[in-house]
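The stops below are meant to be selected in order.

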Amino acid sequence: EDSQQIGTGEANISEVSLFGENNKRLSWVVGGEDVSLFIKFNANRNIRSYIVGFQLKDRLGQVVFADNTYLTYRQQVLNLDLGKTAEAVFEFRMPIIPTGEYSIGIVVAEGTQEKNNVICWVHDALLLEAHASSIVHGHISVPMRNIYVSDNP
């Protein structure tokens, strides 16, 4: 990674990749497609109760959306011992976003959603382009499962 890692240095992010269908690595996206964000990191000390998260930001640095592992694993403490490697995968449908350049930032923290210590943060871990598949009004467009109109309610 060329991106600068900040934090305590007690973990380091070694790989960040975005995959589409058939595990094809993506450098650009069209909203509405199913994707997997793959994050690999190493522990430089024993890490207790870790959280892995990401933010998708537009070219102005505004967060389009973000998520992390905390709520999914709140009943199961995630620990990683010194010298070990962990992987986190987020599978989601990419929202339809305006055409342009985006970046994904990655964070590894220790603690809870409310109170945590950032041990590694990479602001622009992955750069990607969005090619719009439809016109977007606003920050994102949400793919509709269906739209119904009735003149006989």
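This is a predicted model: local features need pLDDT of at least 70, side-chain atom pairs count only at pLDDT 80 or more; totals for chains, interfaces and linings use all residues.

Residues are numbered from 1 along each chain as its sequence is written, and side-chain values use heavy atoms, with hydrogens and water left out.

**Colour by confidence.** pLDDT is the predictor's confidence in each residue, from 0 to 100. The protein chain has a mean of 88, and 88% of its residues reach 70 or more. Strand β2 (residues 11-19) has the highest confidence, at 96, and strand β1 (residues 5-6) the lowest, at a mean of 86. Strands here are DSSP runs of E, at least two residues long, numbered from the N terminus.

**Select residues 100-111.** This is strand β8; nine of its 12 residues are buried, so the strand is largely enclosed by the rest of the structure. Buried means under 20% relative accessible area, exposed over 50%, and partly exposed in between (1.4 Å probe, protein chains only).

Strand β5 (residues 50-58) runs antiparallel to β8, joined by nine bridges; strands count as paired if DSSP finds at least two bridges between them. Gly 53 has Val 107 of β8 as its bridge partner. On β9 (residues 116-130), 11 bridges make an antiparallel pairing with β8, and Ala 130 stands opposite Gly 100.

**Select Ser 103.** This β8 residue is buried, at 8% relative accessibility. Its side chain makes a polar contact (N or O atoms within 3.5 Å, one able to donate a hydrogen and the other to accept it; residues adjacent in sequence count only if both atoms are side-chain atoms) with the side chain of Asp 124, at 3.0 Å.

**Show Glu 110 and Arg 45.** Their side chains form a salt bridge at 2.6 Å, N to O, where the term means a side-chain nitrogen of Lys or Arg within 4 Å of a carboxyl oxygen of Asp or Glu. Glu 110 lies in β8 and Arg 45 in the loop between β4 and β5, so the pair ties together parts 65 residues apart in sequence. Glu 110 is buried at 15%, whereas Arg 45 is partly exposed at 24%.

**Finish with Asp 34 and Arg 93.** The whole structure has four salt bridges, one of which joins these side chains at 3.2 Å, N to O.

Technical notes
Helices (H or I, at least four residues) and strands (E, at least two) are DSSP runs, numbered from the N terminus.
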